Amino acid sequence: TSVRNEAGVPLLRAHHDALQRAVRNLIRNAVEAIRDREGITSGGGRIHAQVRTDGTEVVIEIGDDGGGIPVDRLQRIFEPDYTLKAGGTGLGLALVRQAVAAHEGTVTARNADGGAVFEVRLPLHAAQTPTVIEG
């Protein structure tokens, strides 16, 4: 696991619990993707997390080498009740999208380096008046 935090990333004034749950969910999904991938044993697999800014947004990127997301399903993974996991509820990524959208941000997913990469973008201006999310 590797975590990089770019120097100079400003603090966000946001709904801490909602964003923390969103990031935790993305990390949990990465761990599960690695664990479920055939051939990965204890100590195998990699997760990377990076926090950076481009001056107008804070960007949080979480990726893994868990095999990725089928290309034909990438567009649907943030929909409520849609899941790729046996026994999954299909709510985790929908709640990530809701939390990020409440802060006027975006979340996207793509495949790269044998796994999935999720990118959360939170505008710095929106962080001044975040929407409180229930739940």
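Arg-121 is partly exposed, with a relative accessible area of 23%; here buried means under 20% relative accessible area, exposed over 50%, and partly exposed in between, using a 1.4 Å probe and protein chains only. The model is a predicted one, in which local features need pLDDT of at least 70 and side-chain atom pairs count only at pLDDT 80 or more, while totals for chains, interfaces and linings use all residues. Residues are numbered from 1 along each chain as its sequence is written, and side-chain values use heavy atoms, with hydrogens and water left out.

The side chain of Arg-121 meets that of Glu-57 in a salt bridge, 2.6 Å from N to O. A salt bridge is a side-chain nitrogen of Lys or Arg within 4 Å of a carboxyl oxygen of Asp or Glu. Arg-121 lies in strand β5 (residues 115–123) and Glu-57 in strand β3 (residues 57–64), so the pair ties together parts that are 64 residues apart in sequence. Helices (H or I, at least four residues) and strands (E, at least two) are DSSP runs, numbered from the N terminus.

Arg-121 also forms a salt bridge with Glu-119, where the closest N and O atoms are 2.9 Å apart. Glu-119 counts as buried, at 13% relative accessibility. Salt bridges that share partners join Arg-52, Asp-54, Glu-57, Glu-61, Arg-110, Glu-119 and Arg-121 into one network. The structure holds seven salt bridges. One of them links Glu-79 with Arg-76, with 3.1 Å between the closest N and O atoms. Glu-79 is partly exposed at 30%, and Arg-76 is partly exposed at 38%.

Next come two loop residues. Most residues other than glycine have a negative phi. Glu-104 has a positive phi, near 60 degrees, and is not a glycine. Glu-104 lies in the loop between α2 (92–102) and β4 (106–112), and is exposed, with a relative accessible area of 51%. Asp-113, also not a glycine, has a positive phi of about 50 degrees. Asp-113 lies in the loop between β4 and β5 and is exposed, at 78%.

In the segment after β5 lies Leu-124. Which residues does Leu-124 contact, leaving aside its neighbours within four places in sequence? They are Pro-10, Leu-12, Thr-53, Gly-55, Thr-56, Glu-57 and Val-58, where contact means heavy atoms within 4.5 Å.

The last topic is the pockets. On a 1 Å grid over the protein atoms alone, a pocket is an open set of points where a 1.4 Å probe fits, with protein on both sides within 12 Å along at least five of seven lines; lining residues have an atom within 4 Å of a point. A volume is the space filled by probe spheres set on the points, which are joined across faces, edges and corners.

The largest pocket has a volume of about 610 Å³. Of its 28 lining residues, the closest to the centre are Asn-29, Thr-83, Leu-84, Lys-85 and Leu-93. The largest share of this lining, seven residues, comes from α1.

The second largest pocket holds about 360 Å³ of space. Of the 14 residues that line the second largest pocket, the closest to its centre are Leu-12, Leu-19, Val-58, Ile-60 and Leu-122. Helix α1 gives the most to this lining, with four residues.
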